[in-house]
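Trainee: I have a model open and some questions about its fold. Can we go through them one by one?

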Amino acid sequence: MAPSRFFRYSRLRAFVLFALATLTLYYIRCPLKNAWVIVRMPIVWKSQASEFLISKQKDDFDVSFMNYSKTVDTALPEHPNLVPPVLHHIALGKNNLETSWVNARESCLQYHPGWKSYLWTDENAGPFVEEHFPSLKRTWDNYKYLIQKIDALRYMVLYQTRANISTGVVLDMDLKCTRSLGPLRRFGFVAPAAHPSGFSIGFMMASEQHPFVGQLVRNLPAYDQTWFGLPYPTVMFSTGCHYASAIHTLQMNRTDLKVLSGPKENPKLHNLNGDVVTPLFHHLGSSSWHSFDGAFVVLLGKPETQMRILFVGIIIGVAVLLFKRRLRRAAYDPLDRPVLMEYGHTNRKIPVDVLVHISRMA
């Protein structure tokens, strides 16, 4: 092949490869962007944390609830009630509710007398989505895991307002109330902190048509994707706590998106993880949807696990480099080197086998 033709072919091949790479990146730009938002959440979560974490100093609020009556179901007199007095519980896929769940829900109803309450089941959830969120009905129906439907429905019932159904408070079925949630009605949005970052969606309060809850609803189709074929990351990153927390980090002003945490000496005071008692609830700790990969993903998120993985990776990398170096040395034979000798009265050196060939010709 002539040099000019070769270079033309090389340039054409480079152009084709560049065009294909550009088209591929353009096609997957949205999944890449969403993946970056998901990955960066734990890194950027604590930026502005002092602004959105409820505290005594900034909000004049007692996060221990020791100074509030257990039965007060309204905000303090100097604050308006932004959150409507409505309780939402979701029990999809359950023909017969567990007794513990029935008792937990009943405890919340007792601490909130006069509040409206709704129990969302397979009978009324689908028609609700179809009527008020028709563009999301297909996404909702096609969710692979039941918990994804439950999570998405949380956001929808907190955002939709109609004549006989309003937003308010959404609670997991395994949350047993130990006091009224009234003092928190002064905030437009509230959710408990999760560990080590983000917030839990097992309990959320929101005012009517809250913009942030609207963002959670509208972004559901964009984040509807399977992650590595594993249930836990697929749920967490598409509809779960990690998804909601990631959308939280995208908001320009996070000051009013309140997260209920504990004081510095006890930041896990309101964490709903496992069978725990917080100032507001007794969390029965069902987490029935968690599969084998859940503990593994949580384990990967721990700093000590990440350091161990990094250390093992470095050891393996060094071992591979040393092994390759040894293979190269073993494959190297000094006798394979061409022996160079001076030829005639010149200073040029040529291989011995060439000299032998020249001598034979002479």
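The questions go from confidence to the sheet and then to a helix pair.

Mentor: This is a predicted model, where local features need pLDDT of at least 70, side-chain atom pairs count only at pLDDT 80 or more, and totals for chains, interfaces and linings use all residues. Residues are numbered from 1 along each chain as its sequence is written, and side-chain values use heavy atoms, with hydrogens and water left out.

Trainee: What does the protein chain average in pLDDT?

Mentor: pLDDT is the predictor's confidence in each residue, from 0 to 100. In the protein chain, 79% of the residues score at least 70. The average pLDDT is 84.

Trainee: Over which residues does pLDDT stay under 50, with 16 contacts beyond four places in sequence?

Mentor: Contact means heavy atoms within 4.5 Å. Where pLDDT is low, the predicted coordinates should not be read in detail. Residues 339–343 also stay under 50, and the model has 17 such contacts for them. The stretch with 16 is residues 291–302.

Trainee: In which sense do β5 and β7 pair, parallel or antiparallel?

Mentor: Strand β5 (residues 189–192) also has β6 (residues 203–206) as a partner, joined by two bridges and running antiparallel. There, F189 stands opposite A206 in β6. Towards β7, V190 stands opposite K258. β5 and β7 have four bridges, and their sense is parallel.

Trainee: How are α8 and α10 oriented to each other?

Mentor: The axes (lines fitted to C-alpha atoms over the stretch in contact) of α8 (residues 146–159) and α10 (residues 231–238) come within 10 Å and cross at roughly 15 degrees. I147, Q148 and D151 of α8 make the contact with T234, V235 and S238 of α10. Angles run from 0 to 180 degrees between N-to-C directions, and those under 35 degrees count as roughly parallel. α8 and α10 are therefore roughly parallel.

How values were computed
Two strands pair if DSSP finds at least two bridges between them. Angles under 35 degrees count as roughly parallel, over 145 as roughly antiparallel, 65 to 115 as roughly perpendicular and the rest as oblique.
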